[in-house]
Amino acid sequence: MTTLSQAISWTAHGFASFFYVTSPADAVEDVHKVPKYLVHALPFFAIAIVIEFLVSLGHDRKKRYFRLNDSFSSITAGILQQLSTFFLRGIEIASYIWVYDNFNLIKLDWSAPSTYWLCFLGVDLGYYLFHRYAHEINLFWAAHVVHHSSENYNLTTALRQSVFQTYTSWFFYLPLALAIPPSIFAIHRQFDTLYQFWIHTELVGSLGPLEWILNTPSHHRVHHGRNRYCIDKNYAGTLIIWDRLFGTFASEDEPVVYGLTHPIGTWDPLWTQVHHIVHIAQKVYAVPGIGNKLSALFKGPGWVPGSERLGDPNGIPDVRAPWPQYDTTLPSFLSLYVCAHFVLVMIGFTLLASVRSHLPVLFVNGLALYLLYSLTSFGAMFDRKKYAFAMEISRIILFLVLELGFWYGYGDEFVFLWYRDPSVPGYVHRPLKAVRAFYIFSGLWLVGRFFFFSFYGQPEVEEKLQQQQQQLEKPQSAEASSTTAATTDSSVSNDASEKAPTRPHKSVKAE
Ligand SMILES: [Zn+2]
Ligand SMILES: [Zn+2]
């Protein structure tokens, strides 16, 4: 019974953390004793995604709330963001503590409810400001663009995060360090992030009077929209009041088309992370004069020489739902193959994240690189790249070779042909043996498919898909051609007439 009540309490706390359920009673003095609310919530992210997926099945049969390739791409971005924290971490809290220790004006009482609620407002305002500038300054947009690159809108979208974003956001919170203790800041930063998970859904409609005060699924849908009325709106974290106060609020009107005004058109996890950085480098190189080069970095993503700071709003493609999405299809068994290996990668990542402090650095780095290579290979398959087969087979061979040698026992011992060592415990040996067998079996199947069948399916299936795609684009292309594209930066070789949203091309304007 005790175990049952503990489990119920654990579950209740997990889900409650999505809704900012906290009080001054949770305050602690020592920043190192602040609970890891985000880590505790991880299993509930997974449970909530499964629940949303199941509910969406019975919601609107014609609508595809989830797409395998899109969800893969979102979860992958979340994994990469977490992997990056293995190597560079803590800039936000470290800088906060440093400012608090050296420059604080007043030390507010950590246990006072007023400090707690002041911090709640301060963190949320800090988030609003960071988020607004993440959209209005091209260099910051280069990081935040990752979060907006999904053309779907579901709970997996919330996990789609940038590796670089923390380096463009930490300084927005530093003014709070002049008065508010780091422990209280660390609590609210986590809840402010957690709150923004559940609002990434299309399954929740209007929430009545709550829409006045809180950031809601409806408000955040607008933020993720690329319809003209959605552009640069609703930057809120938890409270929508900041948008209402500062004139950036828009309520949900016509159905939202999600994603970037110029979709990236790929499932490649690395390109998703860096594409806008590359684009900015090209833009800075292309525009003449130091003033223009600085503007290309620090003005809006839609800025071009001669335009206003944030570019011309009339140049944003005038899209209306339903709008074609970048999509690719894999044969069922190949999809199943990628899913199974993706699950293994997620398990590998979770294990690595939980025990890495006990493992040698070389092993952690090596495995992190292997996970990155794996995710890139899956992305190449979803993109139906020709080189994906070679990449995937090399990934499988690499696994089998590396698995012959293994660090185990939380030690620094590297053992070649480790599984012959009788001291290796069964709980390590047995699962790895099963994984090894699965890699061999699925690898052979992949080779067989490549040499005896068409890897991505029969050519006629391919042609049929292309025809469907063209039909889908037809009605919109006539409409799209009636709009202008002044946000398009001709100096960076984007064709002003280029509107077909399913084609991969450079992202120019923030949505
Ligand atoms: Zn945003
Ligand atoms: Zn979002």
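This is a predicted model: local features need pLDDT of at least 70, side-chain atom pairs count only at pLDDT 80 or more; totals for chains, interfaces and linings use all residues.
A residue counts as buried here if 20 or more other C-beta atoms lie within 10 Å of its own, as exposed if 12 or fewer do, and as partly exposed in between, with C-beta atoms placed from the backbone. Residues are numbered from 1 along each chain as its sequence is written, while chains are lettered from A and ligands numbered from 1 in the order in which they are written.

- N234 isn't a glycine, yet its phi is positive, near 55°.
- You'll find N234 in the loop between helix 11 (217-223) and helix 12 (241-246); helices are DSSP runs of H or I, at least four residues long, numbered from the N terminus.
- Y20, also not a glycine, has a positive phi of about 60°, and sits in the loop between helix 1 (2-16) and helix 2 (37-57).
- Y20 is partly exposed, because 17 other C-beta atoms lie within 10 Å.
- A321 and P322 are joined by a cis peptide bond, with omega about 0°.
- P322 belongs to the loop between helix 14 (290-298) and helix 15 (332-355).

**Around N138**
- N138 is part of helix 6 (residues 138-144) and is buried, with 24 C-beta neighbours inside 10 Å.
- Although N138 and K299 are 161 residues apart in sequence, their C-alpha atoms are 5.9 Å apart in space.
- Leaving aside neighbours within four places in sequence, N138 is in contact with I280, A296, L297, F298, K299, G300 and P301; contact means C-beta atoms, placed from the backbone, within 7 Å.

How values were computed
Helices (H or I, at least four residues) and strands (E, at least two) are DSSP runs, numbered from the N terminus. Two residues are in contact if their C-beta atoms, placed from the backbone, lie within 7 Å.
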